[in-house]
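Reader: I am new to reading protein structures, and I would like to learn how to go through one feature by feature. Could we do that together?

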Amino acid sequence: MPEYRILGETMKTYILVELGEELMLIDKHAAHERMNFDRLKAMDREIMSQSLLTPAHLRLGEAEAELLERNGELLAELGFEIEPFGGSDYVIRAVPADILAADAAPAVEEILEKLRRGKAPDKQSARDEILHTVACKAAIKAGWDTSDAERERIVREVLSGRVKYCPHGRPVSAILTRRDLDKMFKRIV
């Protein structure tokens with residue numbers, strides 16, 4: 001682990017880290033999403049779920065309802081409890097423990113959209129698509145306040161080399177060298 005100093009956060013989105021003659025910017029959401037995804041993927045048991053005090057409501061079209069029925073067992077393994085509620089309506093009674101209640105319906109809708117687009121030809125691919133959504137919904141968001149301890153944890157994971165890209169392939173960090181900064185400010189040509 002290189003020596004580093006966390007300078008703080010800017011725009012409630014990027015963590016600033018000094019690494020000798022380099023400045024690293026870390027996208028806290030993208031890094032935390034990868035950390036969540038890796039943790040969830042490594043679990044070889046059902047994911048902990050939380051019951052919702054007020055069940056979330058879903059109204060699905062025929063194709064989405066079929067996808068939900070076809071993938072219901074997998075969704076249950078990953079912490080979702082979804083039941084028919086008459087006609088094209090469903091209720092979400094539980095979600096993975098890391099997902100906020102307000103994100104319950106949007107998360108299920110996003111999962112169904114990914115499955116509908118055919119990004120999951122087999123059970124393992126479907127599981128990964130669902131985990132991508134769960135990891136994203138559970139991640140620290142841009143605009144949120146982040147504690148010193150959370151920033152420290154994210155920085156250590158990124159500097160360890162374990163966290164390089166979010167589950168969608170976006171880089172989680174960028175580096176500006178002293179030379180880059182000197183060139184920007186025309187200190188050197």
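This is a predicted model: local features need pLDDT of at least 70, side-chain atom pairs count only at pLDDT 80 or more; totals for chains, interfaces and linings use all residues.

Reader: In what order do the four strands of the open sheet lie?

Author: Strands (E, at least two residues) and helices (H or I, at least four) are DSSP runs numbered from the N terminus, and two strands pair if DSSP finds at least two bridges between them. Here the order is S1-S2-S3-S7, with antiparallel pairing. Strand S1 (5-10) and strand S7 (173-177) stand at the edges with a single partner strand each, so one side of each is left without a neighbour in the sheet. Strand S2 (residues 14-19) pairs with S3 over six bridges, and Leu-19 stands opposite Glu-22 in S3.

Reader: Is Asp-27 buried or exposed?

Author: Buried means under 20% relative accessible area, exposed over 50%, and partly exposed in between, using a 1.4 Å probe and protein chains only. Asp-27, which lies in strand S3 (residues 22-27), has a relative accessible area of 13% and is therefore buried. Leaving aside neighbours within four places in sequence, Asp-27 is in contact (heavy atoms within 4.5 Å) with Thr-13, Tyr-14, Arg-170 and Val-172.

Reader: Which residues touch the most other members of the largest nonpolar core?

Author: A nonpolar core is a set of buried Ala, Val, Leu, Ile, Met, Phe, Trp, Tyr and Cys residues joined through side-chain atoms within 4.5 Å. The largest one has 31 residues, and those touching the most other members are Leu-40, Leu-58, Leu-60, Phe-80, Ile-92, Val-95 and Ile-130. Its largest share, seven residues, comes from H4. A second, separate core of 16 residues includes Val-17, Ala-30, Val-158 and Cys-166.

Reader: At what angle do the axes of H2 and H4 cross?

Author: Two packed helices are described by the angle and the distance between their axes. Axes are lines fitted to C-alpha atoms, for helices over the stretch in contact, and angles run from 0 to 180 degrees between N-to-C directions. The axes of H2 and H4 come within 10 Å and cross at roughly 95°. The contact is made by Glu-64, Leu-67 and Leu-68 of H2 with Leu-112, Leu-115 and Arg-116 of H4.

Conventions: Residues are numbered from 1 along each chain as its sequence is written. Side-chain values use heavy atoms; hydrogens and water are left out.
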